[in-house]
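Subject: Model for you to look over

Hi,

Please find the model we spoke about below. Have a look at it first, then read my notes.

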Amino acid sequence: MSDLWGGLSQAFWLVVMLDPDLVEITLRSLRVTLTALAIASAIALPLAALLAVRRFRMRRATIAVLNALMGLPPVVVGLIVYVFLSRAGPFGVLGLLFTPSAMVIAQVIIIVPLVASIAHQSLRELWSDYHDLLISMNTTQGQRIRALLWDGRRALLTAALAGFGRAIGEVGAIMVVGGNIDHATRVLTTAIALETGKGEFAMALGLGFVLIGMAIAVNLAIHWIGHTERGGRW
Amino acid sequence: MQMFPLTVEQGMVRRRGKVLVGPVDLKLEGQGTTIVVGPNGAGKTSLLKMLHGVVRLNEGRLNWACPREEAEKRQAFVFQMPVMMRRSVVENIAYPLRLIGVPRKEARARAADWARRIDLGDALERQAVLLSGGERQKLALARALIREPDVLFLDEPCASLDGRATREIEEILTEAARGGTRLIMSTHNMGQAQRLADEVILVIGGRIHEFSPAADFFAGPQTPQGAAFLRGDIVE
């Protein structure tokens with residue numbers, strides 16, 4: 001119990017004093033995760049719309065695989081990315097291992113299936129509403145996808161937030177490919193793992209509270225932007 | 001290029017082995033308003049969708065006088081349950097124009113003009129999904145007419161609307177018909193059929209039982225089913 005209190009007060013002082021190390025790793029956490037989220041959304045959302053609109057032979061199989069991949073174990077993803085990026089691996093020449101870029105790559109792989117699956121669920125419903133109308137209006141495939149993405153943007157926001165939540169709290173993969181190097185690849189979650197390992201529970205808890213607070217703040221901010229955008233209905 | 005006549009030869013639509021329409025032989029000429037009547041589940045909607053091309057024929061042929069792609073661009077469809085896109089009223093109406101590449105500003109201006117004609121001029125920026133039933137149907141009508149189609153299909157556009165909304169919609173339709181739009185519409189309302197029809201198609205059990213000029217049909221149907229239907233008997 002005293003650890004909890006110690007953690008709380010530690011978190012409080014870390015935030016109030018704007019501890020430079022804390023600020024650095026927090027910003028790195030945000031930068032890595034938001035970059036990964038942007039890339040993953042750019043891949044997953046159009047994919048989700050395409051899966052909703054288009055009937056092709058492997059469609060069911062693709063959806064089933066996507067759903068299964070939602071539960072992808074991060075450590076395994078990290079391991080695979082590690083193998084690909086290591087000196088001896090196919091992309092070793094790029095020298096990406098133990099850089100924030102490697103962490104972004106791993107996170108993109110982890111959250112693309114999640115974002116695509118959730119987005120597909122809601123876009124499928126929207127498409128069943130729109131189907132007759134858009135077919136009747138003689139729309140092209142691209143126009144249908146654009147209409148779904150635009151009109152379904154609120155639901156897509158939820159999908160993106162789920163992806164953000166998974167990525168910001170993820171530790172296994174980025175520990176493996178990032179290496180938790182101080183001032184280079186250390187982020188909130190890997191720092192928490194490190195402090196816990198050292199037995200510095202108050203510090204670990206303090207960082208944990210900062211992480212939770214940041215996740216809530218980002219979610220609130222995005223919802224707030226979404227609501228003020230237009231009338232607050234969709 | 002001339003779209004009509006539209007000819008259907010032995011057209012048939014099936015779903016899961018059940019025949020929805022057909023076999024149907026039909027030849028529609030380019031003038032006037034055609035009203036499709038018949039009991040529930042007779043295949044009126046399927047017939048309209050088949051003619052419009054959103055439902056493909058399983059058998060038979062359907063030919064416009066012009067190439068198919070061109071015909072598809074020159075027609076529109078108003079559904080029984082109007083589909084509201086999750087956008088504002090003006091963007092809903094402007095959407096068909098945006099699809100064919102009309103610049104946003106011009107499309108919105110033309111849509112706003114249409115919105116005024118259907119008494120939604122004050123609700124331009126309101127979300128379309130918040131409209132009432134009658135307003136939705138009028139919006140759907142404006143959205144269908146904004147590209148000035150040569151043919152407009154309507155599937156019971158006034159079902160579940162009250163008298164005033166029905167009258168407003170009929171006014172828009174009459175005006176469109178005067179402007180040269182070919183209307184092909186199904187209805188349950190015999191009064192409406194009499195007000196609008198130039199010719200009548202009676203559909204029972206997926207087949208066309210009667211296809212005659214409106215005056216003749218209402219004066220005296222050729223088939224016993226037609227007569228029974230006009231009397232208000234239950235026809236199956």
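Here is what I found in it.

This is a predicted model, so local features need pLDDT of at least 70, side-chain atom pairs count only at pLDDT 80 or more, and totals for chains, interfaces and linings use all residues. Residues are numbered from 1 along each chain as its sequence is written, while chains are lettered from A and ligands numbered from 1 in the order in which they are written.

Chain A overall

Chain A has ten helices and zero strands. Helices (H or I, at least four residues) and strands (E, at least two) are DSSP runs, numbered from the N terminus. Of its 234 residues, 39% count as buried. Buried takes 20 or more other C-beta atoms within 10 Å of the residue's own; exposed takes 12 or fewer; partly exposed is in between; C-beta atoms are placed from the backbone. Contacts have their own cut-off: C-beta atoms, placed from the backbone, within 7 Å. Among chain A contacts between residues at least 6 apart in sequence, 79% join residues at least 24 apart.

Helix 4 against helix 5

Helix 4 (residues 74–85) of chain A packs on helix 5 (residues 100–136) of chain A at about 135°, with the axes 10 Å apart. Axes are lines fitted to C-alpha atoms, for helices over the stretch in contact, and angles run from 0 to 180 degrees between N-to-C directions. The angle makes helix 4 of chain A oblique to helix 5 of chain A. For reference, under 35 degrees is roughly parallel, over 145 roughly antiparallel, 65 to 115 roughly perpendicular, and the rest oblique. Helix 4 of chain A contributes A:Pro74, A:Val77, A:Gly78, A:Val81 and A:Leu85 to the contact, and helix 5 of chain A contributes A:Ala102, A:Ile105, A:Ala106, A:Ile109 and A:Ile110. By class, the contact between helix 4 and helix 5 of chain A has nine nonpolar, one polar and no charged residues. Ala, Val, Leu, Ile, Met, Phe, Trp, Tyr, Cys and Pro count as nonpolar, Asp, Glu, Lys and Arg as charged, and the others, Gly among them, as polar.

The core

The largest nonpolar core has 130 residues. Such a core is a set of buried Ala, Val, Leu, Ile, Met, Phe, Trp, Tyr and Cys residues joined through C-beta atoms within 7 Å. A:Ala106, A:Ile111, A:Val115, A:Ala119, A:Val177 and B:Ile93 touch the most other members. Helix 5 of chain A gives the most to this core, with 19 residues. Leaving out residues up to four places away in sequence, A:Ala119 touches A:Ala44, A:Leu45, A:Ala48, A:Leu156 and A:Ala159.

Chain A against chain B

The contact takes 14 residues from chain A and 13 residues from chain B. On the chain A side, helix 5 gives the most, with six residues. That side divides into five nonpolar, five polar and four charged residues.

Two positive phi values

A:Asn138 has phi near 65°. It lies in the loop between helix 5 and helix 6 of chain A. A:Asn138 is partly exposed because it has 19 C-beta neighbours inside 10 Å. B:Glu148 has phi near 50°. It is in the loop between helix 5 (133–145) and strand 6 (151–155) of chain B. B:Glu148 is exposed because it has 12 C-beta neighbours inside 10 Å.

Best wishes

Key:
Two residues are in contact if their C-beta atoms, placed from the backbone, lie within 7 Å.
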